[in-house]
Amino acid sequence: MSQTLPLFSKTQLQSHNKENDVWVSLYHRKIYNVTSFLDEHPGGGDLILEYAGKDVTDILSDEISHTHSETTYEILDENYLVGYLANEEEEKELLSNPKHQVDVKIDGENVDNLHSEHYDSTKLDGLPEYEKLNIVTDYSHDYKNHKFLDLNKPLLLQVLFGNFTKEFYLDQVHRPRHYGKGSAPLFGNFLEPLSLTPWFVVPMIWIPVDLFIFYVGFTNMNKFLSVFLFSAGVFVWTLIEYAMHRFLFHLDYYLPDHSIAFTIHFLLHGVHHYLPMDRYRLVMPPTLFVALCYPFYKLVFSIFPFYMACSAFAGGFLGYIMYDCTHYILHHAKLPSYLQQLKKYHLEHHYKNYELGFGVTSWFWDKVFGTFLEVGNNAQKLS
């Protein structure tokens, strides 16, 4: 689509190469300001920063590393296009008129052929090359092909009123999609912010609370006993983590065959399997955590005397904080080699077999209870 926008020289393009100011070009003609997209990119902003001030045509169409769907290019044009890269003749005009604008058409380029192929993330055949997790799902193609959810519309109401069978719902909700425009709308109204939680909110809010609870127990009882109960609490959390993931979040085939049950399932965990690379739905919103934590709080404080309960509960609480932060980094952070296998393990739970591999911080309980997921060798090294 032709637009009248400013022309920029190659030098100007190259000058926008900092983390807070990132421009890239496409076809050595269109220029995009993608600064605001760094935090939303499914594979992390570092992948974009490598090409700051440069042309991205080849890397976007590279079948090995970054093949992208047509939707990706549409999003770039609709949201990030700021101007055009001047050719030699146009650069001369820029010298006399820095604000020169032009109506540009990309002639001689079969643009569709540059990105006609698309990666289908919904095929559960094992963890793909990590770069493919950055490829945005073609929304219209996905909806026409699967007849499930339209990613351009609020998702929860579509689940509630979709009239899906249980078999169809479970099959589709566990087939990953990649949104590419931040977070897909869940509620589509004033409740939307409650469903979005940056990872740092978890340690920022809950670590001070946890430290206070531990302090109360530690300063009012035998120190060795307090540390022992705290450590026991951390260990017990690992079992709770496994059990909740397996028997609550993946209730799956025990769900009633009813749209309300599907909607609750989707809200608790289904949306994460449907959009596994969504940065803002990887940790538990504080409101949901309070609701799920309350029964455990009541149980611990009913079993133990108050100060002993404080120490034990603080240990379990820290286990949860570590779990949520680990969950985020397994999806999005660059990890040292000794954590690469754990990252592959969790992502294969999403992209290979969601009925196995319920451990997130470790696979210890998966081995104990026979749900260990063998990690395939087809995926490249994750970063």
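Is W199 buried, exposed or partly exposed? With a relative accessibility of 36%, W199 counts as partly exposed. This report places that residue and several others in the context of the whole chain.

## Overall architecture and confidence

The structure is a predicted model. The chain contains 16 helices and 6 strands, and 50% of its 383 residues count as buried. Among contacts between residues at least 6 apart in sequence, 76% join residues at least 24 apart.

The average pLDDT of the chain is 85, and 84% of the residues score at least 70. Over residues 105-117, by contrast, the pLDDT is below 50, although this stretch has 21 contacts in the model beyond near neighbours in sequence. Where pLDDT is low, the predicted coordinates should not be read in detail.

## Aromatic pairs and the W199 contact

A search of the whole structure finds 35 aromatic pairs. One of them joins W199 and Y328 in a stacked arrangement, with 5.8 Å from centre to centre and 25° between the planes. W199 belongs to the loop between helix 9 (166-173) and helix 10, whereas Y328 belongs to helix 14, so the pair ties together parts that are 129 residues apart in sequence. The two partners can also be described by their accessibility: W199 is partly exposed at 36%, while Y328 is buried, with a relative accessible area of 10%.

Elsewhere, one aromatic cluster is formed by W206, W237, F289, Y294, Y297, F301, F306, Y307, F313, F317, Y320 and Y323. F289 of this cluster is also among the buried residues of helix 13.

Helix 13 covers residues 286-303 and has 18 residues; its first and last C-alpha atoms are 25 Å apart, close to the 26 Å expected at 1.5 Å a residue. C293 is itself buried, as are F289, L292 and V300. The elements that cover the buried residues of helix 13 include helix 10 (201-218), helix 11 (223-249) and helix 14 (306-332).

Helix 14 has 27 residues and reaches 39 Å from its first C-alpha to its last, close to the 39 Å expected at 1.5 Å a residue. Of these 27 residues, 21 are buried, so helix 14 is largely enclosed by the rest of the structure. Y328, the partner of W199, lies in this helix.

## Annotated regions and sites

An unreviewed UniProt entry places the feature "transmembrane region" at residues 199-218, 225-245 and 303-323. In the model, residues 225-245 are 100% helix and 0% strand, with end C-alpha atoms 30 Å apart. Residues 303-323 are 90% helix and 0% strand, and the end C-alpha atoms of this span lie 24 Å apart.

The UniProt annotation "binding site", also from an unreviewed entry, covers H41 and H68. H41 is found in the loop between strand 4 (30-33) and helix 2 (46-49). H41 is buried because its relative accessible area is 6%, under the 20% limit.

## Contacts across the sequence

Two further residue pairs are separated along the chain. E74 lies in helix 4 (residues 70-79) and is partly exposed, with a relative accessible area of 43%. The C-alpha atom of E74 is 10.0 Å from that of D138, and the two residues are 64 apart in sequence.

L157 lies in helix 8 (residues 155-160) and counts as partly exposed at 49% relative accessibility. A distance of 8.1 Å separates the C-alpha atoms of L157 and T263, which are 106 residues apart along the chain.

Most residues other than glycine have a negative phi, and most peptide bonds are trans. Y27 has a positive phi of about 60° although it is not a glycine. Y27 lies in the loop between strand 3 (21-26) and strand 4, and is buried, with a relative accessible area of 8%.

N163, likewise not a glycine, has a positive phi of about 55°. N163 is placed in the loop between helix 8 and helix 9. At 74% relative accessibility, N163 counts as exposed, whereas Y27 is buried.

Terms used: Residues are numbered from 1 along each chain as its sequence is written. This is a predicted model: local features need pLDDT of at least 70, side-chain atom pairs count only at pLDDT 80 or more; totals for chains, interfaces and linings use all residues. Side-chain values use heavy atoms; hydrogens and water are left out. Helices (H or I, at least four residues) and strands (E, at least two) are DSSP runs, numbered from the N terminus. Buried means under 20% relative accessible area, exposed over 50%, partly exposed in between (1.4 Å probe, protein chains only). The expected span of a helix is 1.5 Å times one less than its number of residues. Contact means heavy atoms within 4.5 Å. UniProt positions are given in the numbering used here, feature names are shortened, and annotations may be inferred rather than shown by experiment. pLDDT is the predictor's confidence in each residue, from 0 to 100. Rings of Phe, Tyr and Trp (its six-membered ring) pair if their centres lie within 6.5 Å; planes under 30 degrees apart count as stacked, over 60 as edge-to-face and the rest as tilted.
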